[in-house]
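The points below may be read alongside the sequence and the model.

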Amino acid sequence: MSLKLQRQKMAQRVLIFTSAALACIICLFPFYYAILTSLRSGQNLFRVGWLPNEMNWGNYVTALMDSGIARSLLNSAIVATLTVGLCLLVSITAAFALARIGFRGRKYLLFTILCVSMFPQIAVLSGMFELVRFMGLYDSLGALVLSYTTFSLPFTIWVLTTFMKAIPTELEEAAIVDGASTWTIISRIFAPIMGPSLVTTGLLAFIGAWNEFMFALTFVISSGKRTVPVAIGMLQGSSQYELPWGTIMASSVIVTLPIVALVLIFQRRIVSGLTHGAVKG
């Protein structure tokens with residue numbers, strides 16, 4: 001009987017590891033093939049091969065120096081960083097009000113915030129365009145920061161409100177007895193405790209701003225102010241019948257690396273933030 005149980009456990013382990021390996025291959029293969037393509041040139045771009053047959057770094061040099069991807073990377077970094085900063089600043093204060101201050105209609109306001117986060121971008125594109133023009137932000141990075149912050153806020157407010165509700169009220173009451181102001185309570189008590197959740201929501205907002213295409217294409221027309229997705233979409237060959245696949249793949253790899261690095265750096269906090277408040281002890 002014990003031998004049969006051992007065989008069943010071994011079969012389950014083999015099935016789990018096989019499934020995990022298959023999932024990893026499916027997820028990582030597109031990125032692997034993009035790296036292979038970015039290192040090829042000439043006719044090798046159109047030959048199917050699963051192993052690298054040349055190491056041509058010219059596509060990366062062309063993408064960074066000649067195609068303006070380096071400038072677009074800086075623009076994307078500025079926009080995404082400002083978006084995350086504004087989102088977290090507004091979200092944590094709004095979450096404090098929604099989680100700690102009792103007022104009439106609070107539940108309906110939270111429900112409205114959740115509903116707003118479900119609207120597709122195309123549904124509000126014309127309204128956002130008129131708002132951007134009215135504020136004089138057209139063809140500037142400020143237009144992207146405004147639009148990305150607007151779309152990221154509902155989700156971050158909803159998530160941070162849920163996390164803040166799980167924090168014991170005794171901490172807040174003790175701080176009030178000691179004479180702490182509202183901002184002191186938020187910045188010195190709640191913010192450190194909610195560190196993992198702030199990292200998780202901030203990283204999601206950063207990825208959304210980094211990868212967004214439609215607003216960046218609509219609100220910015222100057223080539224020097226384009227973000228990375230638009231810059232890659234605008235890459236052209238020497239003629240209308242040619243697409244620089246090597247340069248495009250090199251640009252895609254360059255754009256993906258910062259996101260991968262951020263996820264690897266903050267992976268523990270991300271997991272902690274996703275599970276925070278799920279189990280009450």
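1. A residue is called buried when its relative accessible area is under 20%, exposed when over 50%, and partly exposed in between. Please bear in mind throughout that the model is a predicted one.

2. By that cut-off, Arg-100 is buried, because its relative accessible area is 17%. Arg-100 forms a salt bridge with Glu-172, and the closest N and O atoms of the pair are 3.4 Å apart. Arg-100 belongs to helix H3 (residues 69–100) and Glu-172 to helix H7 (residues 169–177), so the pair ties together parts that lie 72 residues apart in sequence. Glu-172 likewise counts as buried, at 12% relative accessibility. The structure holds one salt bridge. In general, side chains of opposite charge can pair when their charged atoms come close.

3. How many disulfides does a search of the whole structure find? The search finds zero. Cys-87 is in no disulfide, and the nearest cysteine sulfur, that of Cys-115, is 19 Å away. This distance is too far for a bond. The two residues may also be described by their accessibility: Cys-87 counts as buried, at 1%, whereas Cys-115 counts as partly exposed, at 27%.

4. The largest pocket holds about 160 Å³ of space. Its lining includes Ser-147, Tyr-148, Phe-151, Leu-204, Ala-205 and Gly-208. Both H6 and helix H9 (195–211) supply at least two residues each to the lining of this pocket. The largest share, six residues, comes from H6.

5. A nonpolar patch on the surface is formed by Ile-25, Phe-29, Tyr-32, Val-48, Trp-50 and Leu-51, which together have about 670 Å² of accessible area. Leu-51 is placed in the loop between helix H1 (2–38) and helix H2 (58–66). Is Leu-51 buried or exposed? Leu-51 counts as exposed, because its relative accessibility is 65%.

6. Phi of Asp-139 is near 60°, a positive value in a residue other than glycine. Most residues other than glycine have a negative phi. Asp-139 is found in the loop between helix H5 (125–134) and helix H6 (141–165). With a relative accessible area of 15%, Asp-139 is buried.

Notes. Residues are numbered from 1 along each chain as its sequence is written. This is a predicted model: local features need pLDDT of at least 70, side-chain atom pairs count only at pLDDT 80 or more; totals for chains, interfaces and linings use all residues. Side-chain values use heavy atoms; hydrogens and water are left out. Patches are made of residues with over 30% relative accessible area and no salt bridge: like charges are joined within 9 Å, nonpolar side chains (Val, Leu, Ile, Met, Phe, Trp, Tyr) within 5 Å. Accessible areas come from the Shrake-Rupley method with a 1.4 Å probe; for residues, only the protein chains shown count as cover. A salt bridge is a side-chain nitrogen of Lys or Arg within 4 Å of a carboxyl oxygen of Asp or Glu. Helices (H or I, at least four residues) and strands (E, at least two) are DSSP runs, numbered from the N terminus. Buried means under 20% relative accessible area, exposed over 50%, partly exposed in between (1.4 Å probe, protein chains only). A disulfide is a pair of cysteine sulfur atoms within 2.5 Å. On a 1 Å grid over the protein atoms alone, a cavity is a set of points where a 1.4 Å probe fits but cannot get out, and a pocket is an open set with protein on both sides within 12 Å along at least five of seven lines; lining residues have an atom within 4 Å of a point. Grid points are joined across faces, edges and corners, and a volume is the space filled by probe spheres set on the points.
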